Amino acid sequence: MRGGIGDLPISRSPIADPAGECLPRFAPVVVGPALYLMLSRSLALLFTPSAMVIAQALLAAPMIIALAHRAIEEPWQEYGGALRVDGATRLRSIRMLLAIARRSVVTRVLAGFGRTISEVGAVLIVGGNIAGYTRIMTTAIVLKTSEGELGLALGFGLVLIGIGIVVSASAFVLWERR
Amino acid sequence: MKLRKLPLPLFIFLLGHATVAAEQPAPQSIILASTTSVENSGLLAHILPAFTKETGITVHVLAQGTGQALQTAAWDDADLVLVHDPEAEQKFIAAGDGIDRQQIAWNDFIVVGPHADPAHIAGTHDAVAALKTIASAQAPFVSRGDKSGTDALEHRLWHVAEIDPAKAGGGSWYRDIGGGMGAALNAAQGMNAYTISDRGTWLSFANKGDLTVLVEGDPHLLNRYDVILLNPTKHPVPKQALAERFAQWLVSPDGQTAIGAYKVQGEQLFHPSAAAPK
C-alpha cells in the first residue's frame with residue numbers, strides 16, 4: 001500500500017491539504033450536537049431540511065476531498081514532473097490528474113455518497129425526524145425499529161441499499177463510457 | 001495562486017444554494033415538541049390532518065422525551081409542548097418558560113414483563129409493591145434512563161419504594177438503556193425483562209414477543225398529557241397566535257372527539273379529558 005502525504009518522495013501535490021486528511025475522522029455524532037448548538041435559538045434553521053443538508057455537507061466534503069486527494073497522489077508522482085516541465089498551470093494540472101485518476105476518484109466520491117445516505121446520527125439530531133418534512137430513510141428505519149416494526153425497518157433498509165446500488169451502477173456506466 | 005483561495009467560498013456558495021433549494025417552508029407551520037408516546041402511538045398522525053384541514057396550519061412534530069421536549073422549547077426551538085411529567089411541567093412553568101397548561105388527555109402506565117414472570121407480580125394492582133418484588137428477586141428490569149415522562153414516573157415509584165435501583169442493581173438486573181419507549185420495549189422483549197410503558201405505545205407496539213401486561217390499575221400509574229404554551233415575557237414567540245390556535249383546538253370539542261376516536265385494534269388509546277380533568 002502507498003504511504004500518506006508525508007511519505008511523498010517528490011513535492012506535495014497541487015491540492016495537498018493535511019486538514020482534509022484528519023477531518024474525515026470527525027465522528028458524525030460530534031457534528032450533530034455541535035451544529036445543533038450553532039443553529040439553536042434561530043427557529044428558521046434547526047429542524048429543517050436545510051439543517052440536514054448543512055450537516056451532511058460538513059460530514060461528506062472533507063472525506064471526499066481527502067479521498068480524491070489520495071486518488072491523484074499516484075498520478076502526481078508519475079506525471080507531476082512532466083506537467084511542471086510542460087509549464088502547466090495549477091488548474092490544468094488538477095484537471096489532468098483528475099482525468100487520469102477518474103475511475104478511482106469516482107469510486108471515492110461514491111464512497112462519500114454511500115456514507116451520506118446511510119448516516120443517521122447527525123441528521124436525526126438537527127433534522128428532528130419530522131414526518132413528511134425531515135424524515136429520511138435512515139431516521140425512518142430507526143423510528144420503525146422503535147415501534148417494533150422490524151420487518152418494515154428491514155424493508156426500508158433494503159430499499160436504501162437498492163438506491164445505493166442503482167446510483168453506483170449509473171455512475172460507473174456514465175463515467176466508464178465517456 | 002489565487003486558485004488556492006477559491007474552493008472554500010465556492011463550497012459555501014454551493015451550500016447556500018443547496019439549502020435554499022431544499023427549503024420549502026409551509027406558509028403556516030409550527031413546531032410541537034412532544035413525547036415519543038403520542039407520536040409513536042400514532043395519535044398525532046391520526047388527529048393532525050383534521051386540524052391542518054380546518055386551519056391551514058401544519059404542525060411539525062418532534063418526538064422527544066418530556067425532558068428533552070421542555071429543553072427544546074426553553075431554547076426557543078419549538079413553539080409549544082405536549083408532554084406528560086407533572087413535576088417537570090411545574091418546574092418549566094415556575095421558571096417562567098411556560099404558561100397556560102391544559103390537560104388534553106389521559107391514559108395509564110402499565111408494568112409489562114415476560115409470561116414466565118419470575119418475580120410473580122402478575123395480576124396485582126400495586127406498582128410500588130411490584131417494583132419491590134422485582135428488586136428483591138433481582139429479576140431483569142429495563143429502565144428508559146432518558147429523563148422522559150415515563151422515566152420520571154419510574155423514578156418516582158422507586159422513590160416511594162425506598163429503593164435506589166442503580167445502586168441495588170446497576171450493571172446487573174437493573175438495565176438503564178438511555179432510549180425511547182420503543183427501544184425499551186424491544187430491549188425488555190430481547191432480555192425477558194420487566195419494564196414500565198405507557199399504554200398507548202404498548203398497544204401500538206408491534207414486537208411484543210413474550211411480553212404481557214402484568215400490573216395495571218394502580219392510581220400511581222395515571223398518565224396525563226398536557227399542552228403548554230411558551231411564556232411571551234421570556235421568549236420571542238414569533239408564532240404564538242398559531243400555537244394558541246392549536247392548543248385551543250386540542251381542548252375544543254373537535255379536538256377532544258378526534259383524540260377519543262383514535263383506536264388501535266379496537267382499543268381506545270387516549271381518553272380525552274379537557275372538560276373533566278382527572
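This is a predicted model: local features need pLDDT of at least 70, side-chain atom pairs count only at pLDDT 80 or more; totals for chains, interfaces and linings use all residues.

Colleague: Okay. What share of the contacts in chain A with a separation of 6 or more comes from residues 24 or more positions apart?

Modeller: That share is 68%.

Colleague: And how many helices and strands does chain A have?

Modeller: Eight helices and zero strands. Read from the N terminus, the elements go α-α-α-α-α-α-α-α.

Colleague: How much of chain A is buried?

Modeller: Buried residues account for 34% of its 178 residues.

Colleague: Switching to the core. Which residues touch the most other members of the largest nonpolar core?

Modeller: A:Val126 and B:Leu80, in a core of 104 residues. Helix α3 of chain A, residues 49-85, contributes the most to this core, with 16 residues.

Colleague: Where does the core sit relative to domain 1 and domain 2 of chain B?

Modeller: It lies between them, because domain 1 (27-106 + 224-272) and domain 2 (108-221) of chain B both give residues to it.

Colleague: Back to B:Leu80. What does it touch, not counting residues up to four places away in sequence?

Modeller: B:Leu80 touches B:Ile30 and B:Leu32, then B:Val227, B:Ile228, B:Leu229 and B:Leu230, and also B:Ala243, B:Phe246 and B:Ala247.

Colleague: Now helix packing. At what angle do α3 and α12 of chain B pack?

Modeller: About 145°, with the axes 9 Å apart; α3(B) covers residues 43-55 and α12(B) covers residues 253-260. The crossing is right-handed.

Colleague: Which residues make that contact?

Modeller: From α3(B) you have B:Leu43, B:Ile47 and B:Ala50, and from α12(B) there are B:Gly255, B:Ala258 and B:Ile259. By class, that's five nonpolar residues, one polar and no charged ones.

Colleague: Last one, B:Val213. Where is its place in chain B?

Modeller: B:Val213 is in strand β8, residues 211-215.

Colleague: Why does B:Val213 count as partly exposed?

Modeller: Because B:Val213 has 16 C-beta neighbours inside 10 Å, and a buried residue needs 20 or more while an exposed one has 12 or fewer.

Colleague: And what is B:Val213 in contact with, leaving aside neighbours within four places in sequence?

Modeller: B:Ile110 and B:Val112. As for B:Ile196, 17 residues away along the chain, its C-alpha atom is separated from that of B:Val213 by 9.6 Å.

Definitions and conventions
Residues are numbered from 1 along each chain as its sequence is written. Chains are lettered from A and ligands numbered from 1 in the order in which they are written. A nonpolar core is a set of buried Ala, Val, Leu, Ile, Met, Phe, Trp, Tyr and Cys residues joined through C-beta atoms within 7 Å. Helices (H or I, at least four residues) and strands (E, at least two) are DSSP runs, numbered from the N terminus. Domain bounds come from an automatic or database domain assignment. Two residues are in contact if their C-beta atoms, placed from the backbone, lie within 7 Å. Axes are lines fitted to C-alpha atoms, for helices over the stretch in contact, and angles run from 0 to 180 degrees between N-to-C directions. A crossing is left-handed if the near helix is turned anticlockwise from the far one by less than a right angle, and right-handed if clockwise. Ala, Val, Leu, Ile, Met, Phe, Trp, Tyr, Cys and Pro count as nonpolar, Asp, Glu, Lys and Arg as charged, and the others, Gly among them, as polar.
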